[in-house]
Amino acid sequence: MPSARDEQDPSYQQDIEYVFKLNSWILGSIGIWPISLRGAGRYLSNFAIAFGNLAISFALVPCVLHIIYDEKDIIMRLKLCGLLAFCLTAMTKYCILAIRRPKILHCIESVKNDWWQVTFKSDRELMLKYGTIGRNLTIISAAFMYAAGIIYYMILIPFFSAKIIHNLTARPFVYPIYSKFSHVQITPIYEIVYVAHCMCGYTAYSITAGACGLAALFVTHACGQIQLIMSRVDLLNSKSSNIHQQIAVIVKDHVRVIRFSAVVEEILQEVCLVEFSTSVCTICLLEYYCIVDWQDNNKLSLTIYFLLLISFCFNVYMLCYIGEFLMEKSSQIGSVCYMINWYQLSPKSARSLILIIAMSSHPIKLSAGGVVDLSLLTFGNVLKTSVAYLSFLRTLVI
């Protein structure tokens, strides 16, 4: 069946590639995006996941030993704990997404099936509009995360973090190394460790950007399907001979979108819960780093931490915005059903719209582990909580 459609109108394949391309690049590089390969290639995703977790672990273990045994300065310990928390969070989200790969594949196939069923040019343009919104959100999220990571890993650490030890210049690492591992300064061991740290950073930032991009892809697609449903409701005509069939299709599509959104929430709820539970502390620590560097007049470090702060805040904002977008769009179906000339329909047909209105009174929501709904109100609460923790942290340290 898909092959016949390919011969008639291959444009939908181009649309799917346009919508999926960025997410497939980001998540495919770390083994999360499902790829159909044969032979030994089918194990490539598992190898990428194992390699990514190994890279993160390789950076974390010596860093933990350094914090416990070497570092005595409480300010530096706080800075390193923030870096440590980010990597641990990334590893947790990585494992969750790896476990959810079958459901991710299910959602991808659902999106492809919706694109395959498009027959009217107006429907295709509407789906492309929402697909472009999801693509742009992915671009913005990835740009913020990767820009902050590149500046931190490629500029701040190599060129501005060298220190003098026993009259010798010690080459810096992204993640501090336990002092007992003194041989790591020797070439080529240093270069190997530095590349491994960069791989750890790439994996961590790809997980963060990829999770946000995945949410943007699926949610904007659901919103596009909801908009198509509302356009069909507007076209209901009381004089049409097949109005009952039209309403049946509308209800069926509405149920399909609700089920699709439920699977999307199941994929993302643990990731969002981990993201929100750690983002409060991470944002709090970054705010504290900015205050300390401002007082020490460390302009370069202040710039880097401020950029990281903006990227983390924007990532949380993006997830909350996506949740708000879905909630607002799903609640509009009931209003559209009420605003049409339903009083001109037969009583039996009008009663069929009650179910849609009732369902829209409970809009589709994305949640963080079922604990808190993703909305702009939640984003405001995250910022307020981080500022409260910042005040407590300053009092504790000072």
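Reader: Happy to start with terms: what does partly exposed mean, and what is the relative accessible area of Cys95?

Author: Buried means under 20% relative accessible area and exposed means over 50%, with partly exposed in between. In this predicted model, Cys95 is partly exposed because its relative accessible area is 38%.

Reader: Thanks! How many disulfides does the structure hold, and which cysteine has the sulfur nearest to that of Cys95?

Author: The structure holds 0 disulfides. Cys95 is in none, and the nearest cysteine sulfur lies 13 Å away, whereas a disulfide needs sulfur atoms within 2.5 Å. That nearest sulfur belongs to Cys200.

Reader: And Cys337: is it buried or exposed?

Author: Cys337 is in no disulfide either, as the nearest cysteine sulfur, that of Cys223, is 17 Å away. Its relative accessible area is 1%, and the cut-off is under 20%, so Cys337 is buried.

Reader: Let's turn to confidence. Where in the protein is it lowest?

Author: Overall, the mean pLDDT is 83, and 91% of the residues reach 70 or more. Helix α5 (residues 101–116) has the highest confidence, at 92. Over residues 164–168, pLDDT stays under 50, and the model has 3 contacts for them beyond four places in sequence. The lowest confidence, at a mean of 45, is in strand β1 (residues 163–165).

Reader: Why should I be careful with such a stretch?

Author: The stretch in question is residues 164–168, where pLDDT stays under 50. Where pLDDT is low, the predicted coordinates should not be read in detail.

Reader: How far apart in space are Ala85 and Thr282?

Author: Ala85 is found in helix α4 (residues 74–99) and counts as partly exposed, at 28% relative accessibility. In sequence, Ala85 and Thr282 are 197 residues apart. In space, C-alpha to C-alpha, they are 7.5 Å apart.

Reader: Last one: which residues is Ser375 in contact with, leaving aside neighbours within four places in sequence?

Author: Ser375 sits in the loop between β4 (372–373) and α11 (376–397). Ser375 is buried, with a relative accessible area of 9%. Leaving those neighbours aside, Ser375 is in contact with Cys320, Glu324 and Met327.

Methods: Residues numbered from 1 in each chain as written. Predicted model: local features only at pLDDT ≥ 70, side-chain atom pairs only at ≥ 80, totals over all residues. Heavy atoms only, no water. pLDDT = per-residue confidence, 0-100. Helix = DSSP H or I, 4+ residues; strand = E, 2+ residues; numbered from the N terminus. Contact = heavy atoms within 4.5 Å. Buried < 20%, exposed > 50% of the residue type's maximum accessible area, 1.4 Å probe, protein only.
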